[in-house]
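Subject: Structure handover

Hello,

Here is the structure you asked to take over. Please open it first, then read the notes below.

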Amino acid sequence: QRRYMSALASYLDALRDCSSADARLSLLSDFGFVLLEDFVSEEDERQLTDYWKPGGSVHGLGTEERYSKRRFFNYGPILTRETHGTSKSTLNVIPGKFGAMPPVVESQRLRERLRVAALQRLPGVEQRELCFDQMYVNYYDASANSYIDFHHDHMSSMMGTIGGISLGSDCELQLRPLEKGIH
């Protein structure tokens with residue numbers, strides 16, 4: 001285990017110190033992390049942001065997190081609405097058919113497109129790991145200074161392959177190891 005942790009720490013150091021974007025993406029792919037630029041078209045992006053924007057038909061169904069002021073929407077399996085003893089998000093499930101996604105997501109076939117992209121780029125991943133049966137939508141309002149800070153999505157509710165789509169602007173994602181002693 002010590003040799004593994006040492007090798008992993010060295011790998012993460014190389015990733016952090018890498019100045020080439022292409023080399024960084026190659027290193028990340030070894031961990032199963034793939035970045036696809038322009039996955040959705042400008043028209044797809046407009047439709048998706050219009051669906052959840054303030055004044056839209058579902059904006060009021062979302063939940064605003066107390067501290068970060070971000071509005072979030074959850075689709076898929078029923079999850080607890082509150083986690084006692086934490087200042088982090090409480091989840092809200094949008095009522096609907098079990099496993100159903102919003103019409104805009106279904107009409108754009110986003111789950112199928114993510115599934116195909118994952119099968120093409122992640123060797124060894126199995127179809128059963130690509131069900132994409134839940135979805136979180138986070139809406140950040142710059143005028144409200146909304147944000148999301150470091151958090152840990154627990155593996156008991158975030159299983160299989162995870163797909164993320166950033167709309168409206170670029171985003172920066174920082175991955176941190178759970179094990180102590182890794183940089």
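Helices (H or I, at least four residues) and strands (E, at least two) are DSSP runs, numbered from the N terminus. The model is predicted: local features need pLDDT of at least 70, side-chain atom pairs count only at pLDDT 80 or more, and totals for chains, interfaces and linings use all residues. Residues are numbered from 1 along each chain as its sequence is written, and side-chain values use heavy atoms, with hydrogens and water left out.

Overall layout

The protein chain has five helices and three strands. Along the sequence they run α-α-α-β-β-α-α-β. The chain has 183 residues, and 27% of them count as buried. Buried means under 20% relative accessible area, exposed means over 50%, and partly exposed lies in between (1.4 Å probe, protein chains only). Contact means heavy atoms within 4.5 Å. Among contacts in the chain with a separation of 6 or more, 59% join residues 24 or more positions apart.

Start with helix α3, residues 42-52. Its buried residues are Asp44, Leu48, Tyr51 and Trp52. They sit on the same side of α3, because they cover an arc of only 85 degrees around the axis. The arc is taken from the directions from the helix axis to the C-beta atoms. What do the buried residues of α3 pack against? Their partners are β2 (71-75), α4 (103-107), α5 (110-121) and β3 (135-139).

The largest nonpolar core has 13 residues. Such a core is a set of buried Ala, Val, Leu, Ile, Met, Phe, Trp, Tyr and Cys residues joined through side-chain atoms within 4.5 Å. Trp52, Tyr75, Val105 and Met135 have the most contacts inside this core. At least two core residues come from each of α3, β2, α4 and β3. The largest share, three residues, is from α3. Beyond its neighbours within four places in sequence, methionine 135 contacts Trp52, Phe73, Asn74, Tyr75, Met101, Pro102 and Val105.

Salt bridges

Side chains of opposite charge can pair when their charged atoms come close. Here a salt bridge is a side-chain nitrogen of Lys or Arg within 4 Å of a carboxyl oxygen of Asp or Glu. The whole structure holds nine of them.

- Aspartate 13 pairs with arginine 16, with the closest N and O atoms 3.2 Å apart. The two are three residues apart in helix α1 (residues 2-17), so about one helical turn separates them. Aspartate 13 is partly exposed at 22% relative accessibility, and arginine 16 is exposed at 52%.
- Aspartate 44 pairs with arginine 113, with the closest N and O atoms 3.3 Å apart. Aspartate 44 is in helix α3 and arginine 113 in helix α5, so the pair ties together parts 69 residues apart in sequence. Aspartate 44 is buried at 14%, whereas arginine 113 is partly exposed at 22%.
- Glutamate 65 and arginine 70 meet at 3.3 Å, N to O. Glutamate 65 is buried at 10% relative accessible area, and arginine 70 is buried at 8%.
- Glu43, Arg46, Asp50 and Lys53 are linked in a network of salt bridges.

Loop residue

Phenylalanine 31 lies in the loop between α2 (21-30) and α3. Phenylalanine 31 is partly exposed, at 43% relative accessible area.

Best wishes
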